[in-house]
Amino acid sequence: MQKLSSYLDTKLQDKTKLLHRLTMSIRMQLPAELTSHCWVANIENRTLTIVTDNPSQASLIRFQQHEILKQLNQELGLSLREYLNRLKIKIRKATGGRKLEPPTYTISDDGARHIQACAEHVDDPALKEALQHLATRKADV
């Protein structure tokens, strides 16, 4: 039985390797919460296209686009044979069948008591309400 790669064009294989290398390089620059939500989708006409599955993460990537391009040009300029001058960010829903539940954050009973005590001494009604709500996130141990 032949390897799958024997059926694929070598140019396609080379481009796939380059996109993977770019993805890994970008992930090394990004904060940990973004790394698993960011992929390089294409490189064409000196433009790098990045795909993410969350609009707020796309904004965070946009804020860092100049640094990302600068780093990639320094690191991979010779491999790319041209310098990148533009970054496009696209948002796509993650596919995989399974929907991820948002994480639930809890605090200890002792932490909840301290936050509630702080809330009692706050004059700002909105902040007081937020602290009281936070104090209700106790762990169910």
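Analyst: In this predicted model, A112, I115, Q116, A119 and E120 of helix α5 meet K128, L131, Q132, L134 and A135 of helix α6, where contact means heavy atoms within 4.5 Å and helices (H or I, at least four residues) and strands (E, at least two) are DSSP runs numbered from the N terminus. By class, the contact of α5 with α6 has 6 nonpolar, 2 polar and 2 charged residues; here Ala, Val, Leu, Ile, Met, Phe, Trp, Tyr, Cys and Pro count as nonpolar, Asp, Glu, Lys and Arg as charged, and the others, Gly among them, as polar.

Two packed helices are described by the angle between their axes and the distance between the axes. Helix α5 spans residues 109-120 and helix α6 residues 125-135, and the two pack at an angle of about 165° with their axes 8 Å apart, the axes being lines fitted to C-alpha atoms over the stretch in contact and the angles running from 0 to 180 degrees between N-to-C directions. The pair is therefore roughly antiparallel, a term for angles over 145 degrees, with under 35 counted as roughly parallel, 65 to 115 as roughly perpendicular and the rest as oblique. The crossing of α5 past α6 is left-handed, that is, the near helix is turned anticlockwise from the far one by less than a right angle.

The values rest on a few conventions. Residues are numbered from 1 along each chain as its sequence is written, and side-chain values use heavy atoms, with hydrogens and water left out. Because this is a predicted model, local features need pLDDT of at least 70 and side-chain atom pairs count only at pLDDT 80 or more, whereas totals for chains, interfaces and linings use all residues.

Side chains of opposite charge can pair when their charged atoms come close. R113 forms a salt bridge with D110, their closest N and O atoms being 3.2 Å apart, and the count comes to 1 salt bridge by the rule that a side-chain nitrogen of Lys or Arg lies within 4 Å of a carboxyl oxygen of Asp or Glu. R113 and D110 both lie in α5, 3 residues apart, which is about one turn of the helix. R113 counts as exposed at 54% relative accessibility, while D110 is partly exposed at 41%; buried means under 20% relative accessible area, exposed over 50%, and partly exposed in between (1.4 Å probe, protein chains only).

Turning to the rest of the chain, there are 6 helices and 3 strands, in the order α-α-β-β-α-α-β-α-α along the sequence. Of the 141 residues, 26% count as buried.

Strand β2 (residues 47-52) includes T49, which is buried at 9% relative accessible area and, leaving aside neighbours within four places in sequence, is in contact with W39, V40, A41, N42, K88 and K90. V51 is also placed in strand β2; V51 is buried at 17%, and, with the neighbours within four places again left aside, its contacts are H37, C38, W39, A41, K90 and R92.

Helix α1 (residues 10-29) contains T23, buried at 7%, which touches C38, W39 and V40, not counting residues up to four places away. From C-alpha to C-alpha, T23 and V40 are 5.1 Å apart.
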